[in-house]
Amino acid sequence: MVGETVALRVVDGDPLPVEAVRIMAVDDPVYKATRQIQASYHIGGQLLGVAWRSVQVRPAGAPERGTGAALNAADPPRGAEATVDAADPPRGAGAAAHPPRFAVAAVDAVAVVDAVNPEPEDVTSAWTLDANSADAADLYLLVGEANRPDMLAWTILSPRPGVAPARPAYGKVGDATAQFVANAYRNIDRGQVQLDLFLRDLGRTVADAIPGEVWRALSRLGPGAAVMLATADPYVPWELAQLPSDLRRPGQDVLGGYADVGRWLTGVHRNQAKVPPARLDAATMTTVSGEYTRDDLPLARQEAAELRRAYGARAVEATKPAVTAMLRTGPAPDIVHFAIHGKFDAFGMSDGMLLTDGSYLTSNEVGGAESFRARVVFLNACQLGQATDSLGQSAGMAAAFTGLGVGAAVAPLWKVDDQVAYEVGTGFYEAVFGGGSPAAYLRGQRGAEGRHPSRLAYLFFGHPRLRVTWRGPVPATEEYL
């Protein structure tokens with residue numbers, strides 16, 4: 001069963017109605033034994049949240065593994081059929097919290113499953129969105145497991161009528177995604193490729209993994225649509241996907257240059273906000289930079305100095321004692337801007353922020369700073385937008401910060417040109433404090449005339465309609481008579 005829709009009537013006397021849905025597993029060796037049920041929840045056409053439940057599929061009569069509670073309170077009949085409660089909404093998406101007369105739960109059985117004990121016991125997760133329609137994205141792309149190791153499932157949702165298909169779609173990615181992406185970034189960072197040509201081919205490969213239904217939905221919305229990309233896959237740079245020929249325009253050749261894309265890694269747990277905030281206030285800023293004895297970054301220091309002059313940012317020297325002190329002691333600044341060196345090495349010790357004292361600050365160390373409560377983090381440091389998987393969770397520097405509760409983060413995927421980094425970093429706040437969204441700002445960078453390939457490197461983790469209200473110092477203006 002895929003893409004079934006169940007309507008739930010919500011009234012005062014029955015604020016949490018229940019509807020049972022029966023799901024039959026597909027008996028095919030190409031599917032994994034561990035599968036998922038996915039249910040998405042809507043009110044008035046707007047997505048409120050998505051919940052996942054993992055189950056273990058086994059032949060009828062096979063001995064149970066472990067002693068976890070059954071998927072349903074009632075024992076399922078012998079065979080591969082189960083009764084699944086699809087009505088309980090994920091935390092934050094309950095009908096009681098938003099009491100319209102009707103709610104709709106679209107049960108997208110991206111994982112068609114059987115009835116057996118879930119493994120492990122704590123296997124229910126949820127991803128929720130704010131119900132404020134003014135902040136709704138135009139398109140929600142939920143990328144998750146498809147019960148086959150070589151495929152991803154795309155749930156495509158939109159509050160706009162006639163945009164999204166009724167059923168999930170599937171894209172083939174092969175079974176070595178992490179290795180493919182790591183090799184691509186390695187080739188870029190070695191500087192041995194013609195970058196614009198290499199990125200174009202990489203973008204075509206990424207585009208091939210995106211279902212046609214996604215491109216059709218984007219075509220119906222048009223350029224500049226706000227796209228919330230909630231992905232369980234931490235590797236693939238979907239923003240770099242080359243557009244189909246019918247969507248291309250001058251300055252619009254990649255997905256991230258066509259739409260305002262905000263990504264959110266659903267595999268990050270800990271204190272990551274279930275709802276990427278659409279509105280943030282900020283009044284304080286800190287810059288982290290310094291002088292390196294090797295491979296110095298004079299433009300990065302200038303970038304930090306300009307932010308201090310313009311917004312009264314506090315300076316923190318890019319040494320390990322100073323940066324860890326900032327992470328540990330409160331109150332945290334609302335915005336932290338790093339203008340330093342970075343390196344991503346999923347399997348080595350030289351990983352994370354490369355500081356001026358020669359040390360590395362790793363994502364694990366950042367993740368341990370549980371009291372850090374900044375709202376926006378800009379990592380203008382090479383490679384720190386990359387991510388990986390660690391014991392079933394998304395990991396990396398951006399994920400470490402959002403896992404602490406940071407509401408938005410920006411970071412590049414590979415080594416970027418110093419001049420481009422300076423321009424992107426200083427221009428970001430002028431655009432965002434002026435009322436634009438980070439997603440729209442980066443869309444403009446990706447579509448800039450005569451675009452340097454480094455402008456494609458930056459990813460935005462957050463809500464595509466995020467608005468940051470700056471309540472701190474503002475740049476002095478000159479008046480001419």
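This passage describes a strand and its neighbours, and then a set of aromatic pairs, in a predicted model. Local features need pLDDT of at least 70 and side-chain atom pairs count only at pLDDT 80 or more, while totals for chains, interfaces and linings use all residues. Residues are numbered from 1 along each chain as its sequence is written, and side-chain values use heavy atoms, with hydrogens and water left out.

Helices (H or I, at least four residues) and strands (E, at least two) are DSSP runs, numbered from the N terminus. In strand S14 (residues 285–289), five of five residues are buried (under 20% relative accessible area, with a 1.4 Å probe and protein chains only). Met285, Thr287 and Ser289 lie on one side of S14, and Thr286 and Val288 on the other. Strands pair if DSSP finds at least two bridges between them. S14 runs parallel to S16 (residues 335–339), to which four bridges join it, and Met285 stands opposite Ile335. Four bridges also join S14 to the parallel strand S15 (residues 314–317), where Arg314 stands opposite Thr286.

Rings of Phe, Tyr and Trp (its six-membered ring) pair if their centres lie within 6.5 Å; planes under 30 degrees apart count as stacked, over 60 as edge-to-face and the rest as tilted. The count comes to 14 aromatic pairs. Phe378 and Phe428 are edge-to-face because their ring centres are 5.1 Å apart and their planes stand at 80 degrees. Both residues are buried. Phe433 and Trp470 are stacked, at 4.8 Å centre to centre and 10 degrees between the planes. This pair links helix H9 to strand S25 (residues 467–470), 37 residues apart.

Note on methods
Buried < 20%, exposed > 50% of the residue type's maximum accessible area, 1.4 Å probe, protein only.
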